[in-house]
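Take a look at the structure below.

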Amino acid sequence: MFGRRRTKGIFDPNDLLHTKHHRLGVWDLYVQYEPKLSWIPSSWKVEAYAEIINDLPYLWRTIRDVGRTCWHLLIVYVVLLIGSSLLPALSLWYSGQLLKIVQTAVDDRTVDKRVLFQVAGGRMTCSLIERVSRIVEHRVSSALNNRIKQYYSGHIFHAMARLDVPTYEDPVVSSQLDSVIPTNRHSIVWSTLSGLLNTGTNGLRLCTQSFVLLGVLQEQRDGHLLTLLTFSNHALSLLSPDQGLLGTGGTWAWAATTHDQDYIRMEGLKRLVTGSKHRKELVAGGLSEFLTNRYRKLVDRLGHRAGDFWTQYNERTTLGGLEFLRLIRQPLKELPQQIVFTLRAVQYPSSIPVSLASLNLMQQTSDAFALALTSLAHQAGSIAERLSGLRKLYEAENIQNKVQDGTMPFPEDAQSIRAGISIEFKDVSFQYHGSDEYALRHVSFKVEPGQLCVIVGSNGSGKSTILKLVARIYDVTEGHILVDGKDIKTLRLDDLRRAMAILFQDYTLFPLSIKDNIALGDPENADDEDKIREAARLGGAEDFIARLPDGFDTYLERPVRDLYSGLPEGTKTLFGRSVDHSNFGALVAGGGRDSAGSAGLSGGQLQRLAVSRTFMRSSVSEPKVGLLLFDEPSASLDPTAEQDLFARLRELRGNKTMVFSTHRFGNLTRHADLIMYMHDSVILETGTHEQLLKAEGDYSRLWKMQAQAFL
Ligand SMILES: Nc1ncnc2c1ncn2[C@@H]1O[C@H](COP(=O)(O)OP(=O)(O)OP(=O)(O)O)[C@@H](O)[C@H]1O
């Protein structure tokens with residue numbers, strides 16, 4: 001079905017002579033064809049699962065939720081399913097009528113042609129209706145799937161966005177989340193519901209057919225011969241399966257991409273909340289509600305177009321089923337047999353070994369039983385798994401965050417934030433989850449409002465950990481942290497985080513545009529372009545952004561991958577991005593992320609973007625932020641850029657409290673109100689630069705050592 005061999009030359013989507021373009025929702029699909037293709041039928045496994053009973057309450061809840069979202073579609077779907085499960089029995093009844101006509105013809109040498117054609121017509125109409133209703137069923141099912149996916153995607157997005165770092169890092173939680181994120185074209189909810197409905201209607205189909213069959217076949221003979229004829233028909237139909245856009249006429253190469261900015265942005269947001277990479281920024285920036293709203297808006301705006309490539313592809317393939325020839329294929333296949341057999345039965349009653357009705361009945365029966373039984377067996381196994389998926393989906397909403405929210409608003413008085421926030425550690429010790437060692441041991445200090453505090457020390461001494469505890473990314477293992485004199489655990493988390501701007505040492509940039517990356521520093525002003533530009537200027541990022549072809553709209557990492565298969569070896573670039581040929585062994589090759597990664601920006605440039613994001617929050621004229629936390633913001637900057645950054649930081653700081661972690665002595669420490677020298681999880685020395693030099697301890701020794709390196 002998909003590209004399977006590589007040829008010389010290049011794949012050019014713009015070569016209209018050899019390439020056909022299809023529009024599938026937000027996707028552009030380019031296909032090159034060649035004649036003759038082999039088709040390999042796919043196979044599926046049957047597995048059994050238990051614990052269905054336990055999960056039934058979630059099924060009930062799902063039905064209620066889905067019913068609320070799209071009850072009319074659901075009812076149409078159920079009615080269609082029931083109708084189409086009764087049709088085979090009706091066809092069978094018509095076949096029985098034909099059988100009677102044949103019997104009468106054999107016995108009396110007469111045939112009522114009017115009745116014969118009425119019955120044959122009725123039989124054919126059944127077959128036609130069956131075909132049409134199957135197509136309508138597919139369309140309704142696909143619409144339901146999309147609606148349900150849309151409804152639950154916001155639910156899953158929020159369930160994930162609201163989790164804090166320790167909870168998200170918990171392997172049990174992450175495996176639960178992995179299992180509910182829709183990774184293929186069907187949501188777990190729709191797969192479960194449609195699976196159950198299909199199982200029910202398959203059972204109904206089996207019962208009604210058996211009932212009619214018993215009535216009609218009572219006096220039949222020649223069963224063996226009929227079975228043989230019928231199954232040879234099955235074998236034929238297996239060899240000519242329905243094929244989609246990528247399966248007709250011999251596809252040898254295809255590629256799909258999307259240019260839809262809303263879709264790309266939506267995928268970027270999804271990647272932002274899935275995975276632990278951006279979790280710290282997400283939590284510390286209090287972004288969960290903002291991002292959920294943005295995501296929901298994008299989902300609404302995109303509507304049914306918001307599907308991945310395979311969803312859109314599937315939808316198109318279903319629509320293809322409405323072609324006239326495909327519609328009448330089945331009736332055409334059956335009609336000649338019926339008419340010819342009936343007429344021959346009339347003409348030479350004694351020489352006919354089998355009757356038309358017998359043939360028809362056997363064929364229908366074997367078809368229906370084979371289909372119904374195999375799908376029943378298949379569905380029974382997967383339903384147990386899917387029901388437990390429903391449970392996990394609903395439970396994801398209730399996963400308790402490990403860092404619990406406080407109840408006290410902060411600050412009590414909005415004006416007080418102007419004077420900066422005070423931080424006090426009282427005998428704090430901290431151990432990372434799963435680690436035997438303490439990252440902090442009995443740490444006590446106080447940073448007064450408006451002070452500049454610089455934490456210096458060797459690698460792994462605990463500097464970053466202090467900043468993470470102040471932002472309540474983690475909770476202390478022992479001791480207390482006071483913020484403006486109040487226990488940090490009593491303060492409302494959203495308020496606390498809104499009152500601080502933080503730049504992590506291991507910051508991450510989001511898979512979104514540069515503009516969004518900076519804007520998310522201050523979600524409340526995310527659409528203020530002037531503010532974004534100002535933040536970029538302050539972060540020293542404005543110049544290099546201006547040089548990028550797409551400027552502020554440049555994507556650091558493209559969140560949506562292009563899809564392609566079977567591209568000729570000479571195809572080096574496609575849609576302006578380099579082609580990854582390494583995946584050609586796979587069924588579907590993927591690629592399309594910018595080869596240089598992060599839009600080809602240097603480490604220093606990426607750091608400037610991260611600093612700009614922090615400035616977005618802290619540079620407001622109306623101060624909301626009273627505390628700035630910077631963890632090595634200049635690690636990747638050259639000395640000039642570092643000097644500039646520090647100068648801007650001092651200038652912008654105003655009265656805000658600033659805590660700064662660094663390996664480098666000198667530049668900032670000379671201006672610090674408080675320096676803390678850390679080693680091996682403890683604070684060894686505290687004081688101002690002059691005091692610590694006078695004390696001639698480790699700080700003084702290391703400062704002199706660094707100074708000497710420049711002499
Ligand atoms: N997520 C984590 N899980 C387990 N241990 C951690 C984690 N993060 C840090 N640590 C450990 O905690 C200790 C303190 O780390 P921290 O990052 O606070 O040091 P640091 O002084 O900021 O170091 P550097 O100067 O290298 O940034 C180290 O021993 C480190 O290995």
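The questions and answers below concern a predicted model.

Visitor: What pLDDT does the chain average?
Guide: pLDDT is the predictor's confidence in each residue, from 0 to 100. In this chain, 76% of the residues score at least 70. The chain average is 77.

Visitor: Over which residues does pLDDT stay under 50?
Guide: Where pLDDT is low, the predicted coordinates should not be read in detail. One such run has 22 contacts beyond four places in sequence in the model, and another has 33. These runs are residues 1-8 and residues 583-597.

Visitor: Which helix gives the largest share of the shell around the ligand?
Guide: The ligand is surrounded by 13 residues. Among the closest are Lys 463, Ser 464 and Thr 465. The largest share is 3 residues, and they come from helix α13, residues 463-470.

Visitor: How many residues in that shell are polar?
Guide: Sort the shell by class. There are 2 nonpolar residues and 1 charged residue. The polar ones number 10.

Visitor: How far does helix α7 reach from its first C-alpha to its last?
Guide: Helix α7 covers residues 261-273, which is 13 residues. At 1.5 Å a residue, 18 Å is expected. The model comes close to that, with 19 Å.

Visitor: Why is α7 described as largely enclosed by the rest of the structure?
Guide: A residue counts as buried if 20 or more other C-beta atoms lie within 10 Å of its own. In α7, Tyr 263, Ile 264 and Val 273 are among the residues that pass. The helix is largely enclosed because its buried residues number 10 of the 13.

Definitions and conventions: Residues are numbered from 1 along each chain as its sequence is written. This is a predicted model: local features need pLDDT of at least 70, side-chain atom pairs count only at pLDDT 80 or more; totals for chains, interfaces and linings use all residues. A residue is near a molecule or strand if its C-beta atom, placed from the backbone, lies within 6 Å of it. Helices (H or I, at least four residues) and strands (E, at least two) are DSSP runs, numbered from the N terminus. Ala, Val, Leu, Ile, Met, Phe, Trp, Tyr, Cys and Pro count as nonpolar, Asp, Glu, Lys and Arg as charged, and the others, Gly among them, as polar. The expected span of a helix is 1.5 Å times one less than its number of residues. A residue is buried if 20 or more other C-beta atoms lie within 10 Å of its own, exposed if 12 or fewer, and partly exposed in between; C-beta atoms are placed from the backbone. Two residues are in contact if their C-beta atoms, placed from the backbone, lie within 7 Å.
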